[in-house]
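Subject: Handover of a structure and findings

Dear colleague,

Please find below the structure that I am handing over to you. My findings follow it, arranged by topic.

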Amino acid sequence: MTYTRTALVIGGGIAGPVAAMALQKAGIQATVYEAYDGLADGVGAGLSIAPNGLNALGILDADEAVRRIGIPMTAIVLQSWTGKCLAELANPPDLPTMQFVWRPELYRALYDEAARRGIRTEHGKRLVGLADAADGVTAHFADGSTAEADVLVGADGIRSATRSLIDPAAPAPRYAGLLNFGGRLDATGLASTGGKMHMVFGKRLFFGYQVNDDGSGGWFINLPRPEPMTLADTRTVPAERWLHTLRDAVTDDRGPAATLLDRTIPDDLMVIGPMEDIPTVPTWSKGRVVLIGDAAHATSPSSGQGASLAIESAVQLARCLRDLPHARAFAAYEGLRRERVEKIIANAARTNSNKAAGPVARVLRDLFLPAIMRSLAKPEKLAWQFGYRIDWDAPVSGPAPVPAR
C-alpha cells in the first residue's frame, strides 16, 4: 500500500538532495525547494563523510559520486602542541574508508546526482509559512508562490525556518565557544601525510591538516573565543587581521601550522564562523511536516558526523514513509534516530571543551588523553558510531496507532 505519494523537501544543501533521492527510491515523488536564487558553488569548507555515511549513500547508489570528489582519510592522528602523538585512530576495519571532501564539491556532486535522476530543484523559494490539512500540506514562499504535497521534509539547516514554523519555541543554536576557519592550498610545501588527518591540540587553538601526495592540502582551525560572534560579525573583520590573529596563536606550537598559515593569502582564508550545535530539538514533526539533518539534530563540526547523520536520517525517513502512514512513519523515524544523534551531539560537545581548555586543563588533557584514546580506539568502541547500517529491505513496523477519541 502506498501511503505517501509526493513530498516537498525544503533546503537544497546536503540533506535535501539525499532526502529527495531516498524518497524517490521509496516510490515517493520529491521536489527540492531552495531559498537561494543560485547554486551554492564555492560556499563552505572541508568536512568528512564517515563510513556510516558512505554506507547510507550506498543504499542509494550515490556513494561513488562522493568518492569521485573525496580524498581518503585512513586515520586521524591526535597530537599535542609539542608534537607528541597522543593517539592514532585508524579507519575501522571492514568498513568504507572515510572521505575528506570540500563542501562545495560535495554539494555539487549530490545536486548533479539528484538532477541526473530527474529530481527537480526550485531556486529562490524561501519558506515563510505552512498550511497543514487532512489531505496534504501547503508551503508558502516569500515570492508569493505555493507548493502542495502529501508531506513536507524540512532539511533547511541549523537555522531551519521549518523548525520554527512547527514549533515557535524551538531552541536556538548554542555557541560552542570556538570560531572556525579553514584554508585550501595547491602547494603546502609539506610532505604527504599519507592519507592521515593530523589534529593538534595547540596551546591556544585546535589545528587540523592533511597533505595529499601531490603536495596540495587543506587546514582548519578552531579558535577559542568566550564571547559569541555571529557569522556576519566574523566576516566584518578583514581576513588579514584574522590571519594575523591565527599566526599569533600558533607561535609556540611545534608543527606546520605557521607554515600553512603563511602560505594562505587573505583571499583564500575561509571564515566559517561560530561553531554551534543544538543539544536537543523537542519537536521533530507536526502534522504532515518532519525535520531531518541539522534542522532536527545539529551537531558541531567536532563530531565529524554532521553530514553522515543527515544522510542516515534521510534514508531512514524514506524507509518509514515507504511502509507507514505519515504520522506513524514520523514517530518510527524519530524512534530510530533520536537517541543515536543526541549521543553524538553530546560527544562532540565534550570534544569542544577539550579544544578550548585553559592552561591547567590542557596539561591534564595531554597527560590523560593517550590512555583514554587507546581505549576508545578499539574497533568495538567505535562500532556503534561508524558501523551503523540501515537495512533498507526490512519492513518498518512502527509504533501502534493512537486510538481515536
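This is a predicted model: local features need pLDDT of at least 70, side-chain atom pairs count only at pLDDT 80 or more; totals for chains, interfaces and linings use all residues.

**The cavity**

The space in the largest cavity is about 40 Å³. Its lining consists of Val200, Phe207, Asp253, Arg254, Gly255, Pro256 and Ala257. Sorted by class, the lining holds 4 nonpolar, 1 polar and 2 charged residues.

**The chain as a whole**

The protein chain contains 12 helices and 19 strands. Its radius of gyration is 21 Å, close to the 22 Å that the globule rule gives for 405 residues, so the chain is as compact as a globular protein of that length. Taken along the principal axes, the box filled by the C-alpha atoms is roughly 65 × 45 × 40 Å. Of the 405 residues, 53% count as buried. Among contacts with a separation of 6 or more, 73% come from residues 24 or more positions apart.

**Helix α1**

Helix α1 spans residues 15–25, and because 9 of its 11 residues are buried, this helix is largely enclosed by the rest of the structure. The buried residues are Ala15, Gly16, Pro17, Val18, Ala19, Ala20, Met21, Ala22 and Leu23. What do the buried residues of α1 pack against? Their partners are the strands β1 (6–10), β2 and β12 (151–154), together with the helices α2, α4 (103–116) and α9 (306–323). After α1 comes Gly27, which has a positive phi near 85°.

**Strand β2 and Thr31**

Strand β2, which α1 packs against through its buried residues, covers residues 29–33 and contains Thr31. Is Thr31 buried or exposed? Thr31 counts as buried because its relative accessibility is 9%, and the cut-off for that class is under 20%. Leaving aside residues up to four places away in sequence, Thr31 touches Ala7, Leu8, Val9, Arg120 and Glu122.

**Helix α7**

Helix α7 runs over residues 239–249, and its buried residues are Ala239, Trp242, Leu243, Leu246 and Ala249. Why do these residues lie on the same side of α7? They cover an arc of only 125° around the axis, which puts them on the same side. In general, an α-helix has 3.6 residues a turn, so residues three or four places apart point the same way. On the other side of α7, Arg241 and His244 are exposed. The cover over the buried residues of α7 includes the strands β13 (174–185), β16 (217–224) and β17 (270–277), as well as the helices α6 (231–236) and α8 (257–262).

Phe206 belongs to strand β15, which comprises residues 206–211. With a relative accessible area of 3%, Phe206 is buried. Between Phe206 and Ser160 there are 46 residues of sequence separation, and their C-alpha atoms are 28 Å apart in space.

Val128 is located in strand β9, residues 127–133. Beyond residues up to four places away in sequence, Val128 touches His140, Phe141, Ala142 and Leu165. Val128 and Val77 are 51 residues apart in sequence, and 45 Å separates them in space, C-alpha to C-alpha.

**Positive phi in loops**

Asp61 is not a glycine, although its phi is positive, at about 55°. Asp61 is placed in the loop between α2 (51–59) and α3 (63–67). Its relative accessibility of 61% makes Asp61 count as exposed, the cut-off for that class being over 50%.

Asp94 is a residue other than glycine with a positive phi, near 65°. Where does Asp94 lie? Asp94 is found in the loop between β6 (85–90) and β7 (98–102). Asp94 is exposed, with a relative accessible area of 78%.

With kind regards

Terms used
Residues are numbered from 1 along each chain as its sequence is written. Side-chain values use heavy atoms; hydrogens and water are left out. Buried means under 20% relative accessible area, exposed over 50%, partly exposed in between (1.4 Å probe, protein chains only). Helices (H or I, at least four residues) and strands (E, at least two) are DSSP runs, numbered from the N terminus. The arc is that of the directions from the helix axis to the C-beta atoms. Contact means heavy atoms within 4.5 Å. On a 1 Å grid over the protein atoms alone, a cavity is a set of points where a 1.4 Å probe fits but cannot get out, and a pocket is an open set with protein on both sides within 12 Å along at least five of seven lines; lining residues have an atom within 4 Å of a point. Grid points are joined across faces, edges and corners, and a volume is the space filled by probe spheres set on the points. Ala, Val, Leu, Ile, Met, Phe, Trp, Tyr, Cys and Pro count as nonpolar, Asp, Glu, Lys and Arg as charged, and the others, Gly among them, as polar. The radius of gyration is taken over C-alpha atoms; the globule rule is 2.2 Å times the number of residues to the power 0.38.
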